[in-house]
Amino acid sequence: AAWLVAVFPFTVYIGFHTHNEMLGALFVLAAIAAPAILQKNETKAYLFSGLFFGAALALKIDVAITGLAFGVWQLLHGRVRRALCLLGGVIPFVILVGLVDRFTWGTWFHSVLGHARVNLVDGVGNQWGVSPWYTHVLYYFDMMSIPAVIAFAALPFFWKKLPELIRAT
């Protein structure tokens, strides 16, 4: 409930995308929290994290991109086992998305590839009111206002003092 309240201003802003994006965002938060909650069993923690990122992927591809960043972070820090566990949790959902596309569009991963092509390659995503990816950063600072700007400005001074799990997040 607290997470839903925290993201409520964004739900008002995005209107009809609210259900998929906000539910996906809750799965992303659960994915990020899993390693902190299940610290005693790293394999299980990152497998659950991957499952939650996979559920977010199935709900809204854009929201789940954070899982890719989380996995890349693990790889950049030499935590290959963690990244593989994340991947193991995500794969069933990737297959599910591909299978749904196969049945509905007649092609594997049509929704993912089409979305990427329209927004990243063709640059025509804005025809449907989709903003370029970098405007989401501006929206974030606009909605969160002064606290977000202060937190962003203070981050370089506190970065090394943050626990590893928070930095990964």
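The model discussed here is predicted.

Q: How is Phe53 to be read, as buried or exposed?
A: A residue is called buried if its relative accessible area is under 20%. Phe53 has a relative accessible area of 4%, so Phe53 is buried.

Q: At what angle do helix H4 and helix H5 pack?
A: Helix H4 covers residues 42–59 and helix H5 covers residues 61–76; they pack at about 150°, with their axes 6 Å apart. Angles over 145 degrees count as roughly antiparallel, and H4 is therefore roughly antiparallel to H5. The crossing of the two helices is left-handed.

Q: Which residues make the contact?
A: H4 contributes Tyr46, Ser49, Phe53, Ala56, Leu57 and Leu59, while H5 contributes Ile61, Ala64, Thr66, Gly67, Phe70 and Gln74. Of these contact residues, 8 are nonpolar, 4 are polar and none is charged.

Q: How many aromatic pairs does the structure hold, and how is one of them read?
A: There are 6 aromatic pairs. Planes under 30 degrees apart count as stacked. The rings of Tyr46 and Phe70 have planes at 15° and centres 6.3 Å apart, so this pair is stacked. The pair joins distant parts of the chain, with Tyr46 in helix H4 and Phe70 in helix H5, 24 residues apart. Both Tyr46 and Phe70 are buried.

Q: What geometry does the pair of Phe53 and Phe70 have?
A: This pair is tilted, with 5.7 Å from centre to centre and 45° between the planes. Phe53 in helix H4 and Phe70 in helix H5 lie 17 residues apart, and the pair links distant parts of the chain.

Q: Which residues do ring pairs link into a cluster?
A: Phe27, Phe48 and Phe52 are linked in this way.

Key
Residues are numbered from 1 along each chain as its sequence is written. This is a predicted model: local features need pLDDT of at least 70, side-chain atom pairs count only at pLDDT 80 or more; totals for chains, interfaces and linings use all residues. Side-chain values use heavy atoms; hydrogens and water are left out. Axes are lines fitted to C-alpha atoms, for helices over the stretch in contact, and angles run from 0 to 180 degrees between N-to-C directions. Helices (H or I, at least four residues) and strands (E, at least two) are DSSP runs, numbered from the N terminus. Angles under 35 degrees count as roughly parallel, over 145 as roughly antiparallel, 65 to 115 as roughly perpendicular and the rest as oblique. A crossing is left-handed if the near helix is turned anticlockwise from the far one by less than a right angle, and right-handed if clockwise. Contact means heavy atoms within 4.5 Å. Ala, Val, Leu, Ile, Met, Phe, Trp, Tyr, Cys and Pro count as nonpolar, Asp, Glu, Lys and Arg as charged, and the others, Gly among them, as polar. Rings of Phe, Tyr and Trp (its six-membered ring) pair if their centres lie within 6.5 Å; planes under 30 degrees apart count as stacked, over 60 as edge-to-face and the rest as tilted. Buried means under 20% relative accessible area, exposed over 50%, partly exposed in between (1.4 Å probe, protein chains only).
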